[in-house]
Amino acid sequence: MDLKIAYTIAQTHLLSKKKQTLVAMLGVTFGIAMFIVMISFMQGVNQFLEDSALDASPHVRIYKQLTSDRPSLIETLRPDGFNVIHHQKPKQELAKIKNGLVIARHIEAQPQVLGVSPQVSTQVFFNVGSVPIPGTLAGVDVLREEKLYRLSQRMKSGNIEDLRANANGVILGRLLARKLNLKVGDKVNVTSSTGGTALLRVVGVFSFGIQTVDDARGYVNMPKVQELIQKDANYITDLHIKMKDPLQAIDFGKQLARQYDYKVEDWAAANQAILAGEQIRGVMTFVVSFTLLVVAGFGIYNIMNMNVINKMKDIAILKATGFNGRDVVAVFLIQSMIIGLLGAILGVTIGFSLSYLLSVTPFDSGDFLAIDTFPVKFDVGYYLLGVAFGVITTVLAGYFPSKKAAKIDPVAVLRG
Amino acid sequence: MSAKMSPEKKSPVVLSATNVNKYFTDPVRFQVLKEITFEVQRGEFLSIVGKSGCGKSTLLYILSTMDTDYEGTIEMNGQRLTGLSQDTLAAFRNEHLGFVFQFHFLLPEFSVLQNVMLPALKLGKYPRKEVEHRAYEKLKLVDMQEHALKASAKLSGGQQQRVAIARALINDPTIVMGDEPTGNLDKKNSQMVFDIFKEIARENGQTIITVTHDPDFAAGGDRIIEMSDGAIISHGHENSVQ
């Protein structure tokens with residue numbers, strides 16, 4: 001009941017100084033609109049990059065890591081000795097996953113796994129005339145690859161079925177095909193690092209929308225790569241695993257690492273650059289938004305302070321006629337809250353409009369990403385957060401002037 | 001009404017001040033009020049007079065409960081007010097005291113009616129409709145009912161002062177206090193304010209305490225307390241009522 005009177009008084013005060021109210025409100029509005037636009041855009045970028053990365057890369061990848069950091073024989077034998085070993089060479093070993101196909105079958109049987117694609121991956125040169133252009137050939141079972149990466153939806157031309165039908169077929173990345181000046185039906189000569197050569201026929205062109213993939217990768221049938229590098233049909237270098245839920249990949253990866261003596265890499269580790277960028281953008285968004293809101297808060301603080309000074313006489317009368325300190329605090333706090341709430345609602349509306357405009361603005365990212373407009377994420381959570389921010393800021397900004405108002409000594413004012 | 005005074009029987013005391021002392025400490029310690037002791041009876045129209053700086057306004061603000069920085073005790077309506085919290089005193093003011101100031105302090109953004117209604121809405125004793133009705137009654141008493149919906153800033157000084165009186169009366173306070181209520185008014189308006197005070201004291205048994213410089217105004221009341229240099233020099237004898 002007391003709040004109702006306080007509200008009436010607050011409302012009258014606000015309406016009698018419309019311009020001042022509007023200015024105070026616009027401070028909040030601007031802060032929150034920018035907050036909404038920034039967070040929607042930044043999160044949109046994050047989401048887009050993450051989706052692209054998740055789409056185009058395996059959730060978990062198992063491969064054999066060839067390193068030279070093996071313990072030397074002498075150190076194993078005499079660990080306490082004074083051993084000087086200089087420039088140890090890696091021992092000759094194959095990048096092969098032993099029993100790769102068996103392991104693949106085993107992993108695929110796990111309920112949380114969507115699919116496993118065993119691959120033979122090798123570095124090659126594509127020869128265009130006399131110019132060798134480096135790239136990667138992935139020997140795959142194209143149907144498994146389809147299951148993992150929805151390859152058929154990413155085809156720019158040609159058909160994945162043609163790869164199965166043609167033992168010498170190759171599906172090239174869009175940028176690689178352009179660099180090599182190849183179209184579907186053309187032939188290309190490849191040389192492996194071990195010296196093997198093969199003549200492949202281009203049966204399709206794909207695009208994942210990620211430069212590093214589209215610029216280097218070609219898919220061929222697994223036996224063709226095994227033949228090119230002169231290995232047997234059990235020679236597998238990579239296992240690509242897709243989970244039903246990408247978030248399970250990290251735990252599942254750890255489990256696999258314990259089970260098998262191979263390098264296990266989950267998507268988060270493989271895409272650290274993207275995730276780091278995401279964190280930086282997140283921090284930036286909050287820093288800028290927070291600054292904007294603090295500035296708006298100070299604006300409100302100033303206006304409310306002025307308001308209290310202008311209203312000293314009124315406050316004295318209210319107190320003289322029996323309103324207590326809490327009533328006076330309520331009157332001014334309600335004013336800030338109204339300013340904050342209306343400002344926030346307006347800010348959210350403007351923020352939404354700007355975000356929408358941004359989301360339909362054409363954006364040419366070149367070959368780096370497959371994207372036509374700015375990525376913007378629309379999430380109700382951000383809007384609620386914006387309103388909450390606005391109200392909290394204004395309540396804080398209004399609290400101190402209100403406290404000051406409550407402390408005004410009516411006698412000093414009324415006696416003049 | 002029951003509050004009508006009879007000459008034989010003394011009416012009950014509604015306000016008593018006992019040994020009130022007050023000091024100003026800025027710039028130097030200075031005693032403004034010295035051992036003020038007096039009583040006011042129900043329905044009494046009391047004026048406090050004295051030269052500027054004699055402490056009469058200071059005394060009034062202590063009586064108003066807004067100034068709590070004093071020594072001695074104040075009792076009103078049989079309740080000891082000295083030492084109570086600000087919030088309790090605010091509630092007490094709301095219910096038992098009405099104020100009329102020299103500069104007709106109305107809230108400028110509010111209408112005349114709202115100004116009068118606010119203290120009653122705060123009291124919360126009556127529903128809003130009833131409060132509005134009562135506010136109209138009080139405005140009628142000061143002959144301002146036709147201006148009820150005007151913005152209070154649009155009124156003349158005399159009109160504002162009459163609205164301020166209506167506001168002071170809205171909760172039917174035991175005591176109405178005035179700090180130079182006619183100090184800023186012309187003869188005609190002063191007379192009107194005086195008549196209203198006189199009427200409510202007689203009709204409703206409400207006590208009036210005013211600080212005034214106006215000798216005619218003071219002379220028309222029941223009793224005059226005269227102050228000089230922070231002390232009461234004359235308690236005045238009670239004029240025979242009527």
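**Exercise 1.** How many residue pairs are in polar contact across the interface of chain A and chain B?

*Solution.* This is a predicted model, so local features need pLDDT of at least 70, side-chain atom pairs count only at pLDDT 80 or more, and totals for chains, interfaces and linings use all residues. Residues are numbered from 1 along each chain as written, chains are lettered from A in the order in which they are written, and side-chain values use heavy atoms, leaving out hydrogens and water.

- Take pairs of N or O atoms within 3.5 Å; within protein, one must be able to donate a hydrogen and the other to accept it, and residues adjacent in sequence count only if both atoms are side-chain atoms.
- With both residues at pLDDT 80 or more, the rule gives six residue pairs.
- On chain A's side, H1(A) gives the most, with seven residues (helices are DSSP runs of H or I, at least four residues, numbered from the N terminus).

**Exercise 2.** Find the salt bridges between the two chains.

*Solution.* 

- Look for a side-chain nitrogen of Lys or Arg within 4 Å of a carboxyl oxygen of Asp or Glu.

**Exercise 3.** Work out how H14(A) spans and how its N-terminal end is capped.

*Solution.* 

- The expected span is 1.5 Å times one less than the number of residues.
- The cap is A:Asn324, with a side-chain oxygen 3.1 Å from the backbone nitrogen of A:Arg326.

Terms used. Helix = DSSP H or I, 4+ residues; strand = E, 2+ residues; numbered from the N terminus.
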